[in-house]
Amino acid sequence: MEIWLNQSSADDFTLLGIFSCSPLDFVLFSVVMVVFTVALCGNVLLIFLIYVDPRLHTPMYFFLSQLSLMDLMLVCTNVPKMAVNFLSGRKSISFVGCGIQICFFVTLVGSEGLLLGLMAYDRYAAISHPLHYPILMSKRVCFQVAGSSWAFGIIDGLIQMVVIMTFSYCGSREVNHFFCEMLSLLRLACADTSLIENIIFACCVFMLFLPFSIIVASYSRILKTVLHMRSAQASKKALATCSSHLTAVSLFYGAAMFIYLRPSRYRAPSHDKVVSIFYTVLTPMLNPLIYSLRNREVMGALRKGLDHCRIGSQH
């Protein structure tokens, strides 16, 4: 750590970014900032509603509050620095700042991926074992699930940050991305990084397929339960409670698999940057919308909050 802190300004990296100075790119940048603002406000509002409304003090909404917290931190990890660099024209990031970005990004993506997988088990327990649900998903179990998701991501983030930042970087220090993305940074290393790239690929496979296997197993059991339900209304209600989670899973895992599970010969920096915008900015914006607009309890809590504000303003 002391070696990292002693790095001089000459050791800074340059983030080439995703936008140029053209009028079209300025419009696209403005769109990204609007999406960032909506993501920020949407996740803060969702966390607030879950905290203040007793009707939302259930395991599903507890996990949703953790998901919103992860999304909130994720958009704040990369987007503000990208905006400052674009508006100021200064594209540099310090060596330590780059390491911190890597740590936070990997931590949050890993934690969110595992949490989405474990949320599928919550839906399985609620639908397939409704009578035992309070025991299967007790407050203690909920804290253990959330804690393990955070711990898994933090450990992975710290390991990858330490490994990547111990490489020597020579020649061009221009990172062809809008944040310090691991694979883009490794391309600038002086040494042969093929081994570490293969290890990162294996870690990504594990990080994606472990929770994905939990999702597939949970929804297979849910589907089996739904098919054996005698009431069509009960089946429809059960599937409706899963639709929001499945949408969030599709958005997150689709983008992550596209970036990290493609063979290197098919990778193009321009494609990676666009998809990274998708799951670092767009997905965190969509998650609170998906879970609120399609959820009666959240919309009810929002209407209740707005009614209280209206009554308070009249007095």
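Predicted model: local features only at pLDDT ≥ 70, side-chain atom pairs only at ≥ 80, totals over all residues.
A disulfide joins C98 to C180, with a distance of 1.9 Å from S to S.

**Disulfide**

- The count of disulfides comes to one, and the partners in this link are C98 and C180.
- The angle about the S-S bond is -120 degrees, and the link of C98 and C180 is left-handed.
- C98 belongs to helix α4, whereas C180 sits in the loop between β3 (174-175) and α7 (182-186), so the pair ties together parts that lie 82 residues apart in sequence.

**Largest pocket**

- The volume of the largest pocket is about 700 Å³.
- Its lining consists of 22 residues, and K237, A240, T241, N295 and E297 are the closest to the centre of the pocket.
- Two or more lining residues come from each of the elements α3 (59-88), α4 (95-128), α9 (232-260) and α11 (296-314).
- Helix α9 makes the greatest contribution to the lining of the largest pocket, giving eight residues.
- The lining of the largest pocket comprises eight nonpolar, six polar and eight charged residues.

**Second largest pocket**

- The second largest pocket has a volume of about 270 Å³.
- A set of 13 residues lines the second largest pocket, and those nearest its centre are H57, T58, F62, K139 and F143.
- At least two residues of this lining are supplied by each of α2 (23-52), α3 and α6 (139-165).
- Classed by type, the lining of the second largest pocket holds nine nonpolar residues, three polar residues and one charged residue.

**Cavities**

- Two cavities of 30 Å³ or more are present in the structure.
- The largest cavity contains about 160 Å³ of space.
- There are 14 residues in the lining of the largest cavity, with V109, G110, C204, M207 and Y260 nearest its centre.
- Helices α4, α6, α8 and α9 each provide at least two residues of the lining of the largest cavity.
- Helix α4 gives the most to the lining of the largest cavity, with five residues.
- The lining of the largest cavity divides into ten nonpolar residues, three polar residues and one charged residue.

**Packing of α6 and α8**

- The axes of α6 and helix α8 (residues 194-227) come within 12 Å and cross at roughly 170 degrees.
- Angles over 145 degrees count as roughly antiparallel, and α6 and α8 are therefore roughly antiparallel to each other.
- On the α6 side, the residues in contact are F152, D156, Q160, V163 and I164, which meet I196, I200, C203, F206 and M207 in α8.
- The contact of α6 with α8 is made up of eight nonpolar residues, one polar residue and one charged residue.
- M207 takes part in the contact of α8 with α6, and M207 is also among the residues nearest the centre of the largest cavity.

How values were computed:
Residues numbered from 1 in each chain as written. Heavy atoms only, no water. 1 Å grid on protein atoms, 1.4 Å probe; cavity = no way out; pocket = protein on both sides within 12 Å on 5 of 7 lines; lining within 4 Å. Points joined across faces, edges and corners; volume = space filled by probe spheres on them. Helix = DSSP H or I, 4+ residues; strand = E, 2+ residues; numbered from the N terminus. Nonpolar A, V, L, I, M, F, W, Y, C, P; charged D, E, K, R; others polar. Axes fitted to C-alpha atoms, helices over the stretch in contact; angles between N-to-C directions. Parallel < 35°, antiparallel > 145°, perpendicular 65-115°, else oblique. Contact = heavy atoms within 4.5 Å. Disulfide = S-S within 2.5 Å.
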